[in-house]
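I'm opening the notebook on this one and jotting down what I look up as I go.

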Amino acid sequence: MRLLAALTCLVVAGCASADGTDPDVATARLAVDLDIYPHRIMGEIREKAVLIATDDAGREYRVDLRDAGPGHPVFEDIAPRVVDADGDGKRDIVVVESSQTEGGQLAIYGLRNNALTKIAATPHIGTRFRWLAPIAIADLDGNGAVDLAYIDRPHLAKTLRVWSWAPGGLTEIAQLQGITNHRIGEEYISGGLRDCGNGPEMVVAEADWSGTVGVTLANGQLDRRALPYPATPDGFTRALACTD
């Protein structure tokens, strides 16, 4: 019966929960390799055409960018992130999506009106082969709103940008230059978010990879401090584990 329900949901583009509300995202993955956006910034990880989500009942939902029309966008990410991105108590999917002409953007997909739907996104960076690498999705400054942070062009601009969710969508609230979290060809994004007892702190690398940096958000300002870890996989692991 569960398999039949899942197949039915695919046919009708989704199913509501028994109480009439939209279901909650349980898992997400990318599928269907493409060869139409040969940026190859992530090593052997190829751009993808399809985002697949399952809900708590095991039903499956899909977005296929091959049906998206002009711009021929692709999913260009290590993996999608399942997290409550808008603070409504239900999990969403945050993923990097890239346009053939306008480059990358951070997109948020959620289960709305019985379908997997793009509910918000940051602006595209502006030109082909310009990427971004997510760092954190959390309330970074304790004001009750969800913040989304990424490095804009981690190999070029090396600029941390933070966007906050508010009614109507996303608003950029802060930025900081001179840091990064990805090298060309790496199949992972370095660093992330930690809380060592003093609130959320993003862990990234110096622009030249000479060391690690902790960044906090308060009163609309990003503050940085040097951390005592090398900018290596082991160094980032130790930093995120708060092993001072």
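Predicted model: local features only at pLDDT ≥ 70, side-chain atom pairs only at ≥ 80, totals over all residues.

**Entry 1: strand E16**

Val 204 sits opposite Val 213 of E16. These two strands make a hairpin with five residues between them. Trp 209 belongs to this hairpin and has a positive phi near 65°.

I then checked E17. It runs antiparallel to E16, and seven bridges join the two.

A reminder to myself on pairing: strands of a sheet are held together through backbone hydrogen bonds, in either a parallel or an antiparallel way.

Before going on, I wrote down the background: most residues other than glycine have a negative phi. That made me look at the positive ones.

Which loop holds Asn 219? It is the loop between strand E16 (212-218) and strand E17 (221-227). The phi of Asn 219 is near 55°, a positive value although the residue is not glycine. Is Asn 219 buried or exposed? Its relative accessibility is 78%, and the cut-off for exposed is over 50%, so I put Asn 219 down as exposed.

Phe 129 was another one to note. Its phi is near 65°, again positive in a residue other than glycine. Phe 129 lies in the loop between strand E8 (115-121) and strand E9 (132-138). With a relative accessible area of 25%, Phe 129 comes out as partly exposed.

Six of its six residues are buried, so E10 is largely enclosed by the rest of the structure. I sorted them by direction: Asp 147, Ala 149 and Ile 151 point one way, while Leu 148, Tyr 150 and Asp 152 point the other way.

Then came the neighbours of E10. E9 and E10 run antiparallel and are joined by six bridges. Ile 137 has Leu 148 of E10 as its bridge partner. With E11 (residues 159-166), E10 (residues 147-152) also pairs in the antiparallel sense, over six bridges. Tyr 150 stands opposite Arg 161 of E11, and Asp 152 is partnered with Thr 159 of E11. The hairpin of E10 and E11 has six residues between the strands, and Arg 153 takes a positive phi near 50° there.

**Entry 2: helix H2**

Which residues of H2 (residues 233-240) are buried? They are Gly 235, Phe 236 and Ala 239. Looking down the axis of H2, I saw that these buried residues fall within an arc of 95°, so they line one face of the helix. The face turned away from that buried side carries Pro 233 and Thr 237, which are exposed.

**Entry 3: empty space inside**

Last, I looked for holes. The idea is simple: rolling a probe the size of a water molecule over the atoms shows where empty space is left. How many cavities of 30 Å³ or more does the whole structure have? The search finds one, and the largest cavity has a volume of about 40 Å³.

I listed what lines this cavity: Tyr 37, His 39, Arg 40, Ile 41, Met 42, Ile 45, Arg 46, Glu 47 and Glu 76. Sorted by class, the lining has four nonpolar, one polar and four charged residues.

Terms used:
Residues numbered from 1 in each chain as written. Heavy atoms only, no water. 1 Å grid on protein atoms, 1.4 Å probe; cavity = no way out; pocket = protein on both sides within 12 Å on 5 of 7 lines; lining within 4 Å. Points joined across faces, edges and corners; volume = space filled by probe spheres on them. Nonpolar A, V, L, I, M, F, W, Y, C, P; charged D, E, K, R; others polar. Helix = DSSP H or I, 4+ residues; strand = E, 2+ residues; numbered from the N terminus. Buried < 20%, exposed > 50% of the residue type's maximum accessible area, 1.4 Å probe, protein only. Pairing = 2+ DSSP bridges. Arc of directions from axis to C-beta.
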